[in-house]
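Please look at the sequence and the model below before reading on. The text then walks through the fold piece by piece.

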Amino acid sequence: MTSSGLPALRSAVIGAGAISLQHLDFLRSSSRSRLVGICDLSPVSSGIAARRFDAEDSFTDVATMLEQARPDVVHVLTPPNTHGFLATMCLERGVHVICEKPMSPTSSEAAELLAVAAKHGVHLVENHNYRFNDEILELQKVVAAGTIGDVHEVDIRMALPIRDEGSRFADENLPNPIHDMPAGVIHDFITHFAYLMNTLSGEATYERVAAVWSNHGGGDLFRFDDLDALLVGHNATGPFHGRLRFSCSTKPDLFSVVVRGSGGQAATDLFHPFLEVVGPRPGGEQLTPIVNHIVNGTKLARSGFKNFGQKLLQHGPYHGLAKFLDDTYAAFQNGQAPPVSPAQILAAAQLVDQLLEAEASR
Ligand SMILES: NC(=O)c1ccc[n+]([C@@H]2O[C@H](COP(=O)([O-])OP(=O)(O)OC[C@H]3O[C@@H](n4cnc5c(N)ncnc54)[C@H](O)[C@@H]3O)[C@@H](O)[C@H]2O)c1
């Protein structure tokens, strides 16, 4: 029984790799779940994870786990090229699926999987974890309060050294399966861009999409290592412009999100959190820029100390994942709609399609 009096759901995990640590941390500690199984092709990985996270059993075969552990919810945490068939196996047995992003390479494949879930009366939820980070939730509150006026622009930018020696994507001898996705390695990050853009734009529609995908570092391993994209369309308040940028050649590592409106702007960096809000302040037009500088400068300095503390507490960029999972499990337990809807999953996949089509038609 959970603290809410509802029975805990039987949970299982497929894939005991890097991201599983975040999911398993939640599953071990949440009263909403009972961790009945961990499956990985490697018996060593599944066995070690099962011991570390107090799972009831470990497996190397998914069908066997579904048969013996009888989970209510399965987390699919394997490389993206395996999500489709693994999620289908679970959904067809009437099991809810929480699937890591990117759930599918294209929106049509995402729609097919969602249809399987609907047919079997269960939920299929893609992990949109950054939407649940504290800074994004705060930024949404700032927008909802009208502090920056109507939203007209969103700018999302990530810099990560994916080509540097030691990067999990740069090994020529053991290529990461993500290289086979339509956007190559950038497909590992682009779902985050897409759902954040959709959410923060107020679910804008993008009538014109220009995207330049490059392989600046050259060679055959990387399909692309750089993306520069512009979106022009509409949201409920008028014309909307979006910018998406991925770079592996600039420093420092960052995941910056800027929302600009008719009355100001709000900005954060999800890797190094702070929230800057530039908007109308008391003191009139003359003093507003100075007050904004003083308020944001003070907040930035405080964020430095807070982030140091958060690092010690291991409250890193993945902290939104625990809230996403908790909200999702609560929805499953209460028979309510999960916090990431099929429409949101499809809209994110459709934006990725549009970005890739823009390259194909250049
Ligand atoms: N949401 C996020 O912020 C975030 C962060 C990192 C990774 N991810 C996503 O999580 C997924 C997994 O990434 P990762 O970095 O953990 O990968 P990983 O390579 O570290 O781990 C994948 C694991 O899956 C296992 N596996 C593969 N096929 C299997 C099968 N058929 N049955 C059982 N086990 C199988 C592998 O043995 C491996 O242990 C990817 O889709 C990735 O994009 C999401």
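A residue is called buried if 20 or more other C-beta atoms lie within 10 Å of its own, exposed if 12 or fewer do, and partly exposed in between, with C-beta atoms placed from the backbone. Helices (H or I, at least four residues) and strands (E, at least two) are DSSP runs, numbered from the N terminus. The model is predicted: local features need pLDDT of at least 70, side-chain atom pairs count only at pLDDT 80 or more, and totals for chains, interfaces and linings use all residues. Residues are numbered from 1 along each chain as its sequence is written.

Start with helix 3, where Val-62, Met-65, Leu-66 and Ala-69 are buried. These four lie on the same side of helix 3 because they cover an arc of only 100 degrees around the axis, the arc being that of the directions from the helix axis to the C-beta atoms. The general rule is that an α-helix has 3.6 residues a turn, so residues three or four places apart point the same way. Ala-63 and Glu-67, on the other side of helix 3, are exposed. What do the buried residues of helix 3 pack against? They pack against strand 1, strand 2, strand 3 and helix 4 (83-92); here two residues are in contact if their C-beta atoms, placed from the backbone, lie within 7 Å. Just after helix 3 comes Arg-70, with a positive phi of about 45 degrees.

Two strands pair if DSSP finds at least two bridges between them. An open sheet is formed by 6 strands in the order 3-2-1-4-5-6, with parallel pairing. Its edge strands are strand 3 (58-59) and strand 6 (124-126), each of which pairs on one side only. Helix 3 (residues 62-69) packs on this sheet, touching strand 1 (9-14), strand 2 (33-39) and strand 3, and its direction makes about 150 degrees with that of strand 2. For such angles, axes are lines fitted to C-alpha atoms, for helices over the stretch in contact, and angles run from 0 to 180 degrees between N-to-C directions. Helix 9 (residues 319-334) lies across strand 1, strand 2, strand 4 (73-76), strand 5 and strand 6, and runs at about 135 degrees to strand 1.

Within this sheet, strand 1 and strand 2 pair in the parallel sense over 6 bridges. Ser-11 has Leu-35 of strand 2 as its bridge partner. Strand 2 is mostly covered, with 6 of its 7 residues buried. Strand 5 (residues 96-99) is joined to strand 6 by 3 bridges, and the two run parallel. Val-97 stands opposite Leu-124 in strand 6.

Leaving aside neighbours within four places in sequence, His-75 is in contact with Val-13, Ile-14, His-23 and Ile-98. Pro-280 is 205 residues from His-75 along the chain, and their C-alpha atoms are separated by 45 Å.

There is also an open sheet of 7 strands, in the order 8-9-10-7-11-12-13, and its pairing is mixed. Strand 8 and strand 13 (275-278) stand at the edges with a single partner strand each, so one side of each has no neighbour in the sheet. From one strand to the next, the twist averages 10 degrees. Strand 7 (residues 151-159) and strand 11 run antiparallel and are joined by 8 bridges. Ile-156 stands opposite Val-257 in strand 11.

Some loops hold backbone details. A cis peptide bond, with omega about -15 degrees, joins Lys-101 and Pro-102; Pro-102 is in the loop between strand 5 and helix 5 (107-119). The peptide bond from Lys-251 to Pro-252 is also cis, with omega near -5 degrees, and Pro-252 is in the loop between strand 10 (238-247) and strand 11 (254-261). Asp-54 is not a glycine, although its phi is positive, at about 60 degrees. Asp-54 lies in the loop between helix 2 (43-52) and strand 3, and counts as exposed because it has 11 C-beta neighbours inside 10 Å.

Last, consider the ligand. It is surrounded by 23 residues, the closest being Gly-15, Gly-17, Ala-18, Ile-19 and Glu-100; a residue is near a molecule if its C-beta atom, placed from the backbone, lies within 6 Å of it.
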